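Subject: Handing over the two-chain model

Hi,

Here is the structure I promised to pass on. Have a look at it first, and then read on for what turned up in it.

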Number of protein chains: 2
Amino acid sequence: MRCTYFVAASLDGFIADSSGGVEFLKQVDSEGEDYGYQEFYSTVDALMMGAGTYRSLLKFGTWPYAGKPTYLLSNSVSDPLEGVIQTNEAPARLLSQIYGSGKQHVWLVGGGKLASTMLSQGLITEIVLSLVPVMLGTGIRLFSSREARITPVTLKNHRVYDSGLIQMHYHL
Amino acid sequence: MRCTYFVAASLDGFIADSSGGVEFLKQVDSEGEDYGYQEFYSTVDALMMGAGTYRSLLKFGTWPYAGKPTYLLSNSVSDPLEGVIQTNEAPARLLSQIYGSGKQHVWLVGGGKLASTMLSQGLITEIVLSLVPVMLGTGIRLFSSREARITPVTLKNHRVYDSGLIQMHYHL
């Protein structure tokens, strides 16, 4: 059972601009290169996200995760899309329930705040960070501040792409 | 003429804990491995830092940069060490003066805030980031928030060490 924070960030540590936009990813757009996304996505059984990420994703038009259950940790979204399960369970309990239902790999999508909560609670087992060669100046943090605690992580592998994107895979 | 932000950070983007401590660097302590520090330092003609970094460094005891001029951007330090030049010049003007005096390579040491100011003003020409495989939870940010502006950077090279530290060298 594993929960992966698979995410792209700018060199200065932002996953989106202040309004949730990911314009900066265009910087590394490259014909036929998905930076391992499909390979990763094919191993995912369920997704977890917060309301901010959900609302940002809606702006793209077509829901990108059709066919896989998405657990939306919120109680403020009215009429969520089909396949999106809104819940106000605590992340730890929800994750146990997801694992209990036979799903083995959960993708934590976006969400600096949710990511921080889940990190603090030891719920994230892997981080796959794609560091995009661009600075944003400000925006939504890859990691918001949590309580101070020095926690070693293990670099399992990494890959460098022609665009200058570096992808690092850590185990927690 | 170049100004390098040569810095180590935790995976969650902190260069020090909240009180300026760098305890987390012990994580990658390794006999005979200095992660390119001496090689880098030998190319440096002058250093720039803010008062926070200066005060943190004093706690280490011996001044680590004896023999190279250190420009301290502050007006609050009384009786700075020999070789430390306190100044309240603006960073841009100071840097021109340093370059004008024949010094070609300036190292911006520590200082999330000073780094942000200098980045915003286009004064930093290179970033050498050593990403340490550890999470801190909170502390002094590698980059504090600035005004929003998408700025591409170029990955020049990178190196991965046995300890799991990844060092990335960007040109701005």
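Before the details, one definition: strands, labelled E, are DSSP runs of at least two residues, numbered from the N terminus, and two strands count as a pair if DSSP finds at least two bridges between them. Please keep in mind that this is a predicted model.

Next, the contact between the chains. Chain A brings 34 residues to it and chain B brings 33 residues. On the chain A side, at least two residues each come from strand E8 (134-135), strand E10 (151-152), strand E11 (154-160) and strand E12 (166-171). E11(A) is the top contributor there, with four residues. By type, the chain A side that touches chain B consists of 17 nonpolar, eleven polar and six charged residues.

Strand pairing also crosses from one chain to the other. E8(A) runs antiparallel to strand E10 (residues 151-152) of chain B, and two bridges join them. Here A:Met135 is found opposite B:Thr151 in E10(B).

How are the two copies related? Chain A superposes on chain B by a rotation of 180 degrees with 0.0 Å of shift along the axis, at an RMSD of 0.0 Å. This is the relation of a two-fold axis. The chain A C-alpha nearest that axis belongs to A:Gly13, at 3.4 Å from it. Of the interface residues of chain A, 97% are interface residues in chain B as well, so the copies meet through the same surface.

Now to the sheet in chain B. Eight strands make up an open sheet in the order E5-E4-E3-E6-E1-E7-E12-E11, with mixed pairing. At its edges are strand E5 (84-87) and strand E11 (154-160) of chain B; each has a single partner strand, so one side of each has no neighbour in the sheet. From one strand to the next, the twist averages 20 degrees.

Inside this sheet, strand E3 (residues 46-50) and strand E4 (residues 70-73) of chain B run parallel and are joined by four bridges. B:Met48 has B:Tyr71 in E4(B) as its bridge partner. Helix H2 (residues 51-58) of chain B packs on the sheet, where H2 touches E3 and E4 of chain B, and its direction makes about 105 degrees with that of E3(B).

Which residues touch the most other members of the largest nonpolar core? In that core of 96 residues, they are A:Leu108 and B:Leu108. Leaving aside residues up to four places away in sequence, A:Leu108 touches A:Cys3, A:Thr4, A:Tyr5, A:Met48, A:Leu114, A:Ala115, A:Met118 and A:Ile124.

And is B:Ser76 buried or exposed? This residue sits in the loop between E4 and E5 of chain B. B:Ser76 has 10 C-beta neighbours inside 10 Å, and a residue with 12 or fewer counts as exposed, so B:Ser76 is exposed. B:Ser76 and B:Thr117 are separated by 41 residues in sequence and by 19 Å in space, C-alpha to C-alpha.

Conventions: Residues are numbered from 1 along each chain as its sequence is written. Chains are lettered from A and ligands numbered from 1 in the order in which they are written. This is a predicted model: local features need pLDDT of at least 70, side-chain atom pairs count only at pLDDT 80 or more; totals for chains, interfaces and linings use all residues. Two residues are in contact if their C-beta atoms, placed from the backbone, lie within 7 Å. Ala, Val, Leu, Ile, Met, Phe, Trp, Tyr, Cys and Pro count as nonpolar, Asp, Glu, Lys and Arg as charged, and the others, Gly among them, as polar. Axes are lines fitted to C-alpha atoms, for helices over the stretch in contact, and angles run from 0 to 180 degrees between N-to-C directions. Copies are superposed by least squares on the C-alpha atoms of residues with pLDDT of at least 70 in both. A nonpolar core is a set of buried Ala, Val, Leu, Ile, Met, Phe, Trp, Tyr and Cys residues joined through C-beta atoms within 7 Å. A residue is buried if 20 or more other C-beta atoms lie within 10 Å of its own, exposed if 12 or fewer, and partly exposed in between; C-beta atoms are placed from the backbone.
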